[in-house]
Amino acid sequence: MSPKIPVYLLKTKSSAGDHYEEKFSTPDSNGSKYDPEFVPVLEHQFDDQGMAKVRRILKNKQIGRTEGKQYGGMIFTSQRAVEAFTKLVEEGRGEDNWPFLQDIPVYSVGPATTRALKAVPQVPALQVFGEHTGNGETLAPYILDHYRAWYKDRESVPALLFLVGDKRRDTIPKVLNGAGWQLDEVVIYGTGEMKSFRDDLSQRLQTTADRPRRWVVVFSPSGCDSMLSALDLLDESSGKAKPKEPNRSTYIATIGPTTRDHLIHSFGYEPEVSAEQPSPEGVWNAITGYRTLE
């Protein structure tokens with residue numbers, strides 16, 4: 001019997017059942033079995049100033065569909081932002097219909113962020129749109145069309161509130177601001193690489209050094225240098241990746257084009273595969289599809 005193929009998922013395991021673990025716990029069409037393991041890369045801390053600002057906005061009921069509200073919709077592009085928002089919502093529970101957001105569009109990028117938003121304790125539930133887009137480049141034009149239609153009875157659309165981390169791309173602000181819209185970004189959490197990440201990954205890799213194949217799945221540009229270093233793929237003098245060995249046994253997959261392009265442009269390393277959709281199914285298809293092409 002062939003040994004299981006290790007799959008190192010460079011992320012924190014989701015608390016309420018992780019879909020990546022579920023997906024990689026089943027054999028592929030060739031009968032190959034996988035052994036998923038999570039290696040946390042990032043640590044997050046709520047931003048007190050940003051949290052206080054959003055708390056005031058919620059308590060003052062400044063988000064809604066009626067005229068005179070400060071914001072008419074919200075945007076989320078990360079699960080961490082949803083976690084911070086959920087904490088604020090839970091603080092104010094007790095009032096009927098709190099946090100009074102049932103009549104606005106809430107925009108989300110990708111299935112994981114959407115699942116987190118649908119779990120926010122709002123009755124009636126939040127109206128979440130954009131799950132199918134998968135990235136900011138696709139979500140931004142979708143918002144332009146959908147939000148205009150939502151407020152078609154107004155001469156101009158109300159401002160949008162975008163809850164973000166301290167590290168984010170400016171794709172959505174560029175598109176919406178370019179259309180003349182007001183988009184307010186509020187940083188509600190900060191992100192940093194865990195000091196133990198490189199050593200944690202190195203130790204895990206040592207336990208599977210004899211496996212004929214293993215995968216490392218990268219979910220964010222953060223920590224890519226430590227990941228390459230742990231794999232002994234980084235030339236410390238140049239800061240670039242070493243040439244790939246033809247008989248290598250470790251392969252790299254990325255969650256999508258942003259992380260793939262970061263590896264290519266910053267380190268000169270092209271991962272073996274990049275998921276077409278930022279989801280467990282997307283990563284699974286990329287990895288199993290690569291195997292069948294060999």
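Two strands pair if DSSP finds at least two bridges between them. By that rule β7 and β8 pair, in the parallel sense, over 6 bridges. This is a predicted model.

**Strand pairing**
- β8 also joins strand β3 (residues 42-46), through 5 bridges.
- β3 and β8 run antiparallel.
- Q45 has G190 of β8 as its bridge partner.
- G165 stands opposite Y189 in β8.

**Nonpolar cores**
- The largest nonpolar core holds 46 residues.
- I75, F85 and L163 have the most contacts inside this core.
- Helices and strands that each supply at least two residues of the core include α2 (48-59), α3 (79-91), α5 (136-150), β7 (160-165) and β8 (183-193).
- A second, separate core has 22 residues, among them Y8, V39, M227 and I252.
- In soluble globular proteins, nonpolar side chains tend to be buried together.

**Contacts of F85**
- Neighbours within four places in sequence are left aside here.
- F85 is in contact with L58, M74, F76 and L101, among others.
- The contacts of F85 also include V120, L126, L163 and I188.

**Setting of S229**
- S229 lies in helix α8 (residues 224-230).
- Its relative accessible area is 12%. Buried means under 20%, so S229 counts as buried.
- The side chains of S229 and E236 make a polar contact of 3.2 Å.
- Not counting residues up to four places away in sequence, S229 touches R198, L234 and E236.

Note on methods:
Residues are numbered from 1 along each chain as its sequence is written. This is a predicted model: local features need pLDDT of at least 70, side-chain atom pairs count only at pLDDT 80 or more; totals for chains, interfaces and linings use all residues. Side-chain values use heavy atoms; hydrogens and water are left out. A nonpolar core is a set of buried Ala, Val, Leu, Ile, Met, Phe, Trp, Tyr and Cys residues joined through side-chain atoms within 4.5 Å. Buried means under 20% relative accessible area, exposed over 50%, partly exposed in between (1.4 Å probe, protein chains only). Helices (H or I, at least four residues) and strands (E, at least two) are DSSP runs, numbered from the N terminus. Contact means heavy atoms within 4.5 Å. A polar contact is a pair of N or O atoms within 3.5 Å; within protein, one must be able to donate a hydrogen and the other to accept it, and residues adjacent in sequence count only if both atoms are side-chain atoms.
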